[in-house]
Amino acid sequence: NCLGCVKATSAAYWLRVRDDFPGVFAARSEMSRRLGVRLVRWKGKRIFLDELPTDVSLPPIRESVSCGPECGENK
């Protein structure tokens with residue numbers, strides 16, 4: 001996926017982006033607030049990125065998944 005992919009709704013994905021790429025996370029968070037778009041699902045509900053809790057542990061990394069032909073690795 002593109003770094004900070006706006007099509008991603010996984011809380012685990014966005015938690016990793018926040019930890020590993022704080023600048024990208026901050027930019028996406030500001031943009032989503034400005035546009036009124038809740039990008040992430042948390043406990044079955046859509047929330048803004050800056051509403052993700054800071055005290056949760058990350059699940060183990062799973063296999064990379066492509067969200068479309070333009071986003072995937074060449075095989």
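1. Lysine 43 counts as exposed because its relative accessibility is 76%, where exposed means over 50% relative accessible area, buried under 20% and partly exposed in between, with a 1.4 Å probe and protein chains only. Lysine 43 lies in the loop between β1 (40–42) and β2 (45–47), and it has a positive phi of about 55° although it is not a glycine. Most residues other than glycine have a negative phi.

2. The model is predicted, so local features need pLDDT of at least 70 and side-chain atom pairs count only at pLDDT 80 or more, while totals for chains, interfaces and linings use all residues. Residues are numbered from 1 along each chain as its sequence is written, and side-chain values use heavy atoms, with hydrogens and water left out.

3. The protein has two helices and two strands, which follow the order α-α-β-β from the N terminus; these are DSSP runs, helices being H or I of at least four residues and strands E of at least two, numbered from the N terminus.

4. Tyr13, Trp14 and Phe25 are linked into a cluster by ring pairs, a pair being rings of Phe, Tyr and Trp (its six-membered ring) with centres within 6.5 Å, stacked if the planes are under 30 degrees apart, edge-to-face if over 60 and tilted otherwise. The count comes to two aromatic pairs. The pair of tyrosine 13 and tryptophan 14 is edge-to-face, because the ring centres are 5.2 Å apart and the planes stand at 85°. Tyrosine 13 counts as buried at 19% relative accessibility, and tryptophan 14 is buried at 0%.
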